[in-house]
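Please open the model in a viewer and keep the selection tool at hand.

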Amino acid sequence: MQTHWSAITSKDFGNLLYRYNLDAVLVWNNHGEKNVYLGAEISDYWQLFFSQHAIGAYRVSNVERDRDVIKAEIIAKVRSSKGNVKKLHITHQLQVDSRGKISQEVWTLNGATTKERK
């Protein structure tokens, strides 16, 4: 999970996409709104995300692994392309296949604190 987050925060698009299997599912739960991305749509999602956001400091904690499922709590400072900074509280879950590739990824936004523009 740490390697996955490092690829996200460094905007290492190639390394990030390499971690997904071809028919992976990415789910974003944001206060009742659920967005689902399948296979090649994941690439489009990350391109859009990277064009609109930059992740600064982050912390991964409470990592739990049960067979092929890894779950963690993440706190991250995210800056939008407009300069707004939010501190996000996220539950992140990965399911990996036998090769270690991501078959399902679920992000659940548990809260956000808006900071001043910097």
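Strands, as named here, are DSSP runs of at least two residues, numbered from the N terminus. The model is a predicted one.

Select Arg67 to begin. Arg67 lies in the loop between strand S3 (53-66) and strand S4 (69-80). Although Arg67 is not a glycine, its phi is positive, at about 60°. Its relative accessible area is 75%; because exposed means over 50%, Arg67 counts as exposed.

Next, select His31, in the loop that runs between strand S1 (20-30) and strand S2 (33-38). His31 is likewise not a glycine and has a positive phi, of about 50°. With 59% relative accessibility, His31 is exposed.

Now turn to the largest nonpolar core, which has 26 residues. Tyr20, Leu26, Trp46 and Trp107 are the residues with the most contacts inside this core. At least two core residues come from each of helix H1 (2-9), S1, helix H3 (41-52), S4, strand S5 (85-96) and strand S6 (102-115). In soluble globular proteins, nonpolar side chains tend to be buried together.

Beyond residues up to four places away in sequence, Trp46 touches Ile8, Phe13, Leu16, Leu17, Tyr20, Leu26, Glu105 and Trp107.

Finally, select Thr91, in strand S5. Is Thr91 buried or exposed? Thr91 has a relative accessible area of 15% and is therefore buried. Its side chain forms a polar contact of 3.2 Å with the side chain of Glu73. Apart from neighbours within four places in sequence, the residues in contact with Thr91 include Lys71, Ala72, Val106, Trp107 and Asn110.

Technical notes: Residues numbered from 1 in each chain as written. Predicted model: local features only at pLDDT ≥ 70, side-chain atom pairs only at ≥ 80, totals over all residues. Heavy atoms only, no water. Helix = DSSP H or I, 4+ residues; strand = E, 2+ residues; numbered from the N terminus. Buried < 20%, exposed > 50% of the residue type's maximum accessible area, 1.4 Å probe, protein only. Core = buried A, V, L, I, M, F, W, Y, C linked by side-chain atoms within 4.5 Å. Contact = heavy atoms within 4.5 Å. Polar contact = N/O pair within 3.5 Å; in protein donor to acceptor, adjacent residues only side chain to side chain.
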